[in-house]
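Please examine the sequence and the three-dimensional model shown here before reading on.

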Amino acid sequence: MPTLSLINFNIVCATLGGFISIFGLVSYLFKERFYLSEALISLLAGVVFSPAVANFIRPSEYALGSDQNLEEITLYFTRLVLGVQLVLAGVQLPKRYLQVEWKSLSLLLGPGMSAMWMCSSLVIWAMVPNLSFLHALSIAACVTPTDPVLSNSIVKGKFADKNVPRPLQKIIVAESGANDGLGYPFLFFGMYLVKYTGMGGAGQVGGAGKAMGLWFYETWVYTVILSVIYGIFVGWCSRELLHWAEEKHYVDRESFLVFAIALSLFIVGTCGLIGTDDLLACFVAGNVFTQDDWFRLETMDDSLQPTIDMLLNLSIFIWFGAVCPWSSFLNNDIIPLYRLVFLGVLILLVRRMPIIFAMHRYIHQIEHIYHAGFVGFFGPIGVGAVFYLSISREFLREIKVNGEVREDAHRLSEAVNIIVWFLVVCSIVVHGLSIPLVKAGYNLPRTISNVLSTSTAVDSEPVTIASTPHTHSTATRNVDNGANNRGRKRGGGREDPQPTVFRIGRSVVQPSSSQQDGQMLGTGNVEEPERPVNLITTGPSTPKAPSVGLEQSI
């Protein structure tokens, strides 16, 4: 006998497929008319599907009840999404973009990221009670990089095409792609110092000297520099191989289009095997892969890559909505809720804006102060921050004394979990609603004015123009076979002048029979030049026209 099979796989497939299908039906309306981002909608959907509400998505069950397993799932999911996004970000940049725009990128990745890190550290240190500055540096490092997933929402679509100059779009994409992989030095500067100097270096040997040594040769040399070299090598080899296969006609169209996605998976896997920075390697490889602009131009009109990109983005933010520790924002011993809210506001305001305003004169893509405000405000915190959050908590679990996680490491792990998750949520909500609110604020006064003007016009009486034989106004009257209407008689008495009603903004209204038979003044008559406005003249058999009003011609 058939029975219901309410297993997690069936529920997840039904939930995810149903949401993506329903969202797809109204996706253009939400994204191109209301300017709402996929990230915000997916996050809210994840909250609805989470165990606290509908219980369709059950992260704890997937992780077998282990918080550590759950964090590992989140870490690998974010690695996958970021790897694909960063290769595509590198691919979509123009020919030799990193070499041509190295000065602007150097400013944004050098002084820019350093200032963002320091400003965020000072704000976190000031707002979180009993938190050392070293711990604040470690937490701020997670939110220093701008997120390439959320950055795509402000450089793509109708709003970006109309309001964001193309050079500004390119520099935002390049910065978000490069600085996401350069978050490792900022993160491990604080982490190594916490490990070897925190609580007097309990359980560790070497002190600050060993911490700095590890930071230089393990983080900078092995993680960062090796990933750049590896990305260049893989990107160049992939480009040459694809050129060769295309010239020999060995590759079909489907495999050609999916090549960049496969390249991202390969780099994420191999970099994970050797323990280097897969994010930076993916971005560098994507840019080298399209160094000659061949692949980018060949796939410019194809929708496969954006489609896979959209599926991954929707999935990751639904997952974020389900796994986010919502209850810990209110119930924790790290920071009260009101301070957490102020922290979120301050981070969004001072994390990025001051350094962008200070440097915008030296970055030629930022032409005006308004561009500087836009770039300074839209530096979103998203998938990359959750990735570094997972990396930091994994590192802190290894700092042990007598088999137990050291006290300062445990407290830092709790603080980074609460603060980074809250800042991610703040960024998704604020940056997801900023454009709709700005557009609404811009259009609302004009809409109200149009409504008031229309209602005023509807209440007014028709405008009557006295009959004059020759006038240079476009409000002219009918002439019956060239005769003057003033001389007409009806029943032996003189007929009252016929009022002339006209409308502004409407082109042609069907004329009365007298207009069809005769010729009107002001429309080609020898006594009057042509006029652009045609009038509605009420005749004896025509009912009285409604009121005069301004009608939109659009």
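How many salt bridges does a search of the whole structure find? The search finds eight, a salt bridge being a side-chain nitrogen of Lys or Arg within 4 Å of a carboxyl oxygen of Asp or Glu. Side chains of opposite charge can pair when their charged atoms come close. The model is a predicted one, in which local features need pLDDT of at least 70 and side-chain atom pairs count only at pLDDT 80 or more, while totals for chains, interfaces and linings use all residues. Residues are numbered from 1 along each chain as its sequence is written, and side-chain values use heavy atoms, with hydrogens and water left out.

The overall composition comes next. The protein has 25 helices and six strands; helices (H or I, at least four residues) and strands (E, at least two) are DSSP runs, numbered from the N terminus. Of its 554 residues, 49% are buried, where buried means under 20% relative accessible area, exposed over 50%, and partly exposed in between (1.4 Å probe, protein chains only). Among contacts between residues at least 6 apart in sequence, 80% join residues at least 24 apart; contact means heavy atoms within 4.5 Å.

The individual salt bridges can now be considered. One of them joins the side chains of D278 and R79, at 2.7 Å from N to O. D278 belongs to helix α16 (residues 278–289) and R79 to helix α5 (residues 67–92), so this pair ties together parts that are 199 residues apart in sequence. Both D278 and R79 are buried.

A salt bridge also forms between the side chains of R352 and E175, again with an N to O distance of 2.7 Å. This pair links distant parts of the chain, 177 residues apart: R352 is in the loop between α20 (337–350) and α21 (353–359), and E175 is in helix α11 (residues 166–181). R352 is buried, with a relative accessible area of 2%, and E175 is buried with a relative accessible area of 2%.

R406 and D408 meet through their side chains at 2.8 Å, N to O, and both residues are buried.

What is the nearest side chain of opposite charge to the buried E101? It is K103, 9.5 Å away, and E101 has no salt bridge; in this count Lys and Arg are positive and Asp and Glu negative, whereas His and the chain ends are not counted. E101 lies in the loop between α6 (97–100) and α7 (102–127). Leaving aside neighbours within four places in sequence, E101 is in contact with H364 and Q365.

L168 is in helix α11 and is buried, with a relative accessible area of 1%. Although L168 and I366 are 198 residues apart along the chain, their C-alpha atoms are separated by 6.7 Å.

Finally, helix α15 (residues 259–274) has 16 residues and reaches 23 Å from its first C-alpha to its last. That span is close to the 22 Å expected at 1.5 Å a residue, the expected value being 1.5 Å times one less than the number of residues. Its buried residues include A260, I261, L263 and S264. Among the elements covering the buried residues of α15 are α5 and α16. Just after α15, G275 takes a positive phi of about 80 degrees.
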